[in-house]
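Hello,

My notes on it follow below.

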Amino acid sequence: MNPDDPLVQALPPATDYLTYCTILEYQLTRDRLPLLHQLLQDERLTTNIGWDLVKLLLPMLPASTECLHDVARLGNPREVILRVADALLQLNSEIDNFEPGKEEEVPSEGPEPLPAHILQFNCLVAMLSVLHSRIQTKSPSRFIATSLHAALEAYMSMPCDETTLSFLEFLRDLSPNKRPAPTPRAPSESSVLRVAEKSAPDPEAEVASPSPAAENETALVHKFLQFALLELLKSYLLHFSSPTDPGMSWAVRIQEHLHPSLRMPDQSQTEAYSSTEELKERDMIMGTIVVC
Amino acid sequence: MHPIDFEDPPKSPDDIPLERHGCLLLLAARAAGAIMFASGHPMPDIPIFPHLYKMFDSFLGETHNLDEVAYGQPQALLDALVALTIHSMQQSIAVPEDEIGFKRFVIALTACTARQSHAIVRQIPATIVHSHPSQMARFKLIHSILANDRLGAAWESAISWLKEEIIHADSAGTVLRDRTHSDVRFSAHTIFHDPVYFWAMVPPLFHSVKTVTAEGLVESWMHLIETQGSAVHAALNLYYLLLSESFRTRLQLAKTVPFFRTQVLNPLRKLFRDFEADLPSHGGDGLIQSSVGEEMCAIGNARTVGVIGLTLDQIEETLNDVFGTDDSDLKGYSEDEEARASEIRKKVEEFERE
């Protein structure tokens with residue numbers, strides 16, 4: 001860490017948190033992101049400024065991934081969650097202005113570069129997973145409703161394999177009956193972000209004791225998750241439901257399975273779905289949805 | 001606004017609605033996984049009657065226009081409904097509570113499979129049709145579809161079901177799939193081998209011919225090429241098939257020949273002569289060509305008019321060989337037979353009005 005760097009020199013208490021945020025707006029560059037990542041390990045600092053960094057860091061993805069994860073792990077979860085939801089809702093409106101082919105493609109760590117809006121969506125829902133795991137409240141359903149609303153609005157404008165898997169991961173993380181993450185089986189799963197580092201506790205934690213109200217909350221959460229899963233499924237299936245796209249071709253494939261002698265060798269949909277990567281991935285995603 | 005965007009946060013899980021299309025798609029995904037991948041996820045029992053039929057009704061409403069369903073509904077929805085149908089068909093198909101429900105379900109299912117390029121899917125409604133234990137119910141269904149102007153998109157399918165009822169019925173009157181003519185045992189048990197029932201079915205069988213020959217030149221050509229050609233061809237093919245010795249004797253086909261010549265053969269021949277006369281190369285005004293373009297006109301004439309014309313030639317040759325060219329030599333239906341046929345048509349018309 002360079003002590004002469006403006007970001008180090010201006011650290012509170014040298015300045016107040018509001019001034020420090022303003023300095024970050026002017027001084028933060030991609031080159032300084034590793035430094036910021038180090039600085040954000042200070043839980044007190046991140047608790048106070050983390051919520052303000054979401055908008056600043058998002059356009060710098062994927063370089064800013066670590067910093068955004070720090071914000072999710074160590075920032076004030078109740079404030080950060082609102083900023084993340086806002087960012088998701090604005091992500092939707094940015095897509096309305098999106099012109100295919102004109103957006104700068106940012107290199108990702110996956111095999112192919114993902115468009116920026118998908119990187120941002122994936123990062124934001126990964127942050128939501130962390131934030132929700134931190135919030136200790138008697139009414140988790142209220143936070144979940146806000147997050148799911150924002151995530152669904154954004155998702156519905158960009159349903160694709162990568163965003164679908166990220167969203168499913170988020171739903172899995174929210175589930176009261178959370179199971180271990182499945183072994184990745186498809187290329188698009190490499191775009192799903194998971195935060196492994198430990199998170200800070202909720203500074204505003206409420207202690208919930210067993211009660212009918214708590215049971216009702218569990219039921220509400222469960223129902224919200226079901227709702228979101230169904231909306232996701234609908235959007236996912238509709239996004240490739242066009243005259244030239246085979247969709248899932250369930251009917252013809254089931255028939256081919258039940259009556260293999262009637263399969264047309266050069267037109268078999270069963271063959272197509274077992275040999276074409278894009279179609280195999282659809283089956284894999286549907287399998288994930290069904291077990292969710 | 002999204003349903004999850006509550007102004008007042010829900011207080012109870014019952015305040016959060018689960019979107020029914022999503023539910024249907026999830027059910028279909030489970031059914032597909034259960035069959036194709038032996039996923040082991042439990043699937044509820046969804047018998048075709050009454051449960052699946054109610055689902056179709058709920059999502060598609062009453063189907064008056066097959067194209068509205070086939071082209072107006074998302075393909076994912078149609079695929080899901082058909083997938084669930086196949087899943088339900090793995091159990092025995094219960095008898096429908098009423099014939100109207102049976103008819104509505106078959107029509108809706110036919111609409112869902114109409115856009116499918118795979119015959120293996122398009123033939124699914126046939127299994128439902130032939131599963132009904134009542135021959136009369138099956139007869140009324142086929143007749144009502146063929147007689148209905150609005151169900152033209154299902155005529156070819158209905159003719160195929162009729163053919164299967166006639167050609168592939170066993171001695172108990174049950175239609176067996178994947179059988180050949182040699183497997184047929186003529187029986188008094190099936191009304192589809194009864195000559196009077198057959199006579200009641202003949203006019204609707206050729207409804208498509210009546211449709212295409214009743215319009216102006218260009219409209220007739222367009223309807224023949226774009227929508228009705230396959231039904232016309234299917235009807236003619238069936239009639240030609242029934243001219244084989246065993247069937248024509250059993251069904252007393254000779255009595256239908258005057259109708260066929262005056263209502264089918266001659267009108268189609270005249271229509272095709274009019275098409276030919278319209279061609280600029282034959283000194284015509286070229287009305288069809290100027291409406292659809294030279295290339296489309298040539299393709300339509302070759303693929304549809306030409307093929308149907310060949311079938312007409314084959315039928316006419318066989319009719320002349322077997323029955324002669326003079327209809328006055330042929331014995332018609334007796335008064336008693338006409339009265340029976342009229343009773344049958346009345347029963348079907350009552351059914352069609354419901």
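About 40 Å³ of space lies in the second largest cavity. A cavity here is a set of points, on a 1 Å grid over the protein atoms alone, where a 1.4 Å probe fits but cannot get out; lining residues have an atom within 4 Å of a point. Grid points are joined across faces, edges and corners, and the volume is the space filled by probe spheres set on the points.

Some ground rules. This is a predicted model, with local features needing pLDDT of at least 70 and side-chain atom pairs counting only at pLDDT 80 or more, while totals for chains, interfaces and linings use all residues. Residues are numbered from 1 along each chain as its sequence is written, chains are lettered from A and ligands numbered from 1 in the order written, and side-chain values use heavy atoms, without hydrogens and water.

Back to that cavity. Its lining is Phe139(B), Leu162(B), Ile166(B), Ile191(B), Phe192(B), Asp194(B), Tyr197(B), Phe198(B) and Met201(B). Helix H9 (155–167) and helix H10 (195–205) of chain B each give two or more residues to this lining. Helices are DSSP runs (H or I, at least four residues), numbered from the N terminus. H10(B) has the largest share, with 3 residues. By class, the lining has 8 nonpolar residues, no polar and 1 charged. Ala, Val, Leu, Ile, Met, Phe, Trp, Tyr, Cys and Pro count as nonpolar, Asp, Glu, Lys and Arg as charged, and the others, Gly among them, as polar.

The whole-structure search finds 2 cavities of 30 Å³ or more. Helix H2 (48–60) and helix H5 (99–113) of chain B each supply two or more lining residues. This lining splits into 4 nonpolar, 2 polar and 3 charged.

Next, confidence. pLDDT is the predictor's confidence in each residue, from 0 to 100. Chain B has a mean pLDDT of 89, and 92% of its residues reach 70 or more. Over residues 179–185 of chain B, pLDDT stays under 50. The complex gets an ipTM of 0.87 and a pTM of 0.88 from the predictor.

One residue in chain A to look at: Val290(A), in helix H13 (residues 277–291). Val290(A) touches Leu26(B), Ala29(B), Arg30(B) and His41(B) (heavy atoms within 4.5 Å), leaving aside residues up to four places away in sequence.

Best wishes

How values were computed. On a 1 Å grid over the protein atoms alone, a cavity is a set of points where a 1.4 Å probe fits but cannot get out, and a pocket is an open set with protein on both sides within 12 Å along at least five of seven lines; lining residues have an atom within 4 Å of a point.
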